[in-house]
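Please keep the viewer open as you read.

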Amino acid sequence: MSNIDQNLQKIKASLPEGVTLVAISKTKPVSTIMEAYQAGHRVFGENKIQEMVAKWEEMPKDVKWHMVGHVQTNKVKYMAPFVNLVHAVDSFKLLKEINKQAAKHDRVIRCLLQVKIAEEESKFGMGAQEAETLLQSDTLKELTHVSIEGLMGMATFTNDQEQLSKEFGFLKSTFDQLQALHPSLCIISMGMSGDYLLAVEHGSTMVRVGSSIFGERNYS
Ligand SMILES: *Cc1c(COP(=O)(O)O)cnc(C)c1O
């Protein structure tokens, strides 16, 4: 068994049934990602559209590609033919563009709304109220080529368990409120290498784990 295989088995064994593991493969070459593929893993996440497109072209077509990073509207068209789930939808404008590009490919693209949960100043994500307004709006009903399936959150970059618990708890309670209005919501995407078990304790149904599977990233 390769290290990557072992890491995957270990993480999967620690997750309750029903929690999806998204292997975050950003910056890693196809040869490395293929080790996880050979071990049977199929769900991979990237944070840059061009990089995801290049890997999609090279890799077997049964991979489910998740876009977990911030999405620029003008790049949606490149991922529209194949993307399986867009985690970080943070505006109506972006959602409309995803809908438009999905229509061209006769697809329905699954999306999550990114809710701002971190206390630290971060640029992306909507407030809980904004997410509710979007979900309740009549315009959304006209967007028949997107399907909003849940929420995604990025916690503060910290080891402070109390802080993380607060932020994960906030996303879970926001989700519960919105799900009461929209029973089709079913995904809570939260938790990364350092905190995915804590996220699961707080109700995460989808964890995004990179370095604990593939090793540290080298951005140079
Ligand atoms: C890189 C990244 C992850 C994974 O981070 P690790 O700490 O390596 O597990 C998760 N989510 C998003 C949005 C990321 O960009």
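Why is strand β5 (residues 109-114) largely enclosed by the rest of the structure? Five of its six residues are buried, so the rest of the structure largely encloses β5; buried here means under 20% relative accessible area with a 1.4 Å probe, protein chains only. Do keep in mind that this is a predicted model, in which local features need pLDDT of at least 70 and side-chain atom pairs pLDDT 80 or more, while totals for chains, interfaces and linings use all residues. Residues are numbered from 1 along each chain as its sequence is written, and side-chain values use heavy atoms, without hydrogens and water.

**Around the strand**

β5 runs parallel to strand β4 (residues 85-89), and three bridges join them. (Strands are DSSP runs of at least two E residues, helices of at least four H or I residues, numbered from the N terminus; pairing takes at least two DSSP bridges.) Val89 has Leu113 of β5 as its bridge partner. With helix α5 (residues 92-104), β4 and β5 form a right-handed β-α-β unit: with the strands pointing away from the viewer, the path from the first strand over the helix to the second runs clockwise. β5 is also parallel to strand β6 (residues 146-152), through six bridges, and Ile109 sits opposite Val146 of β6.

**Around the ligand**

| Residue and part | Ligand atom | Distance |
|---|---|---|
| Lys26, side chain | oxygen | 2.6 Å |
| Arg208, side chain | nitrogen | 2.9 Å |
| Ser211, backbone | oxygen | 2.8 Å |

Taken alone, the ligand exposes 390 Å², of which the protein buries 90% (Shrake-Rupley areas, 1.4 Å probe).

Note on methods: Buried means under 20% relative accessible area, exposed over 50%, partly exposed in between (1.4 Å probe, protein chains only). A polar contact is a pair of N or O atoms within 3.5 Å; within protein, one must be able to donate a hydrogen and the other to accept it, and residues adjacent in sequence count only if both atoms are side-chain atoms.
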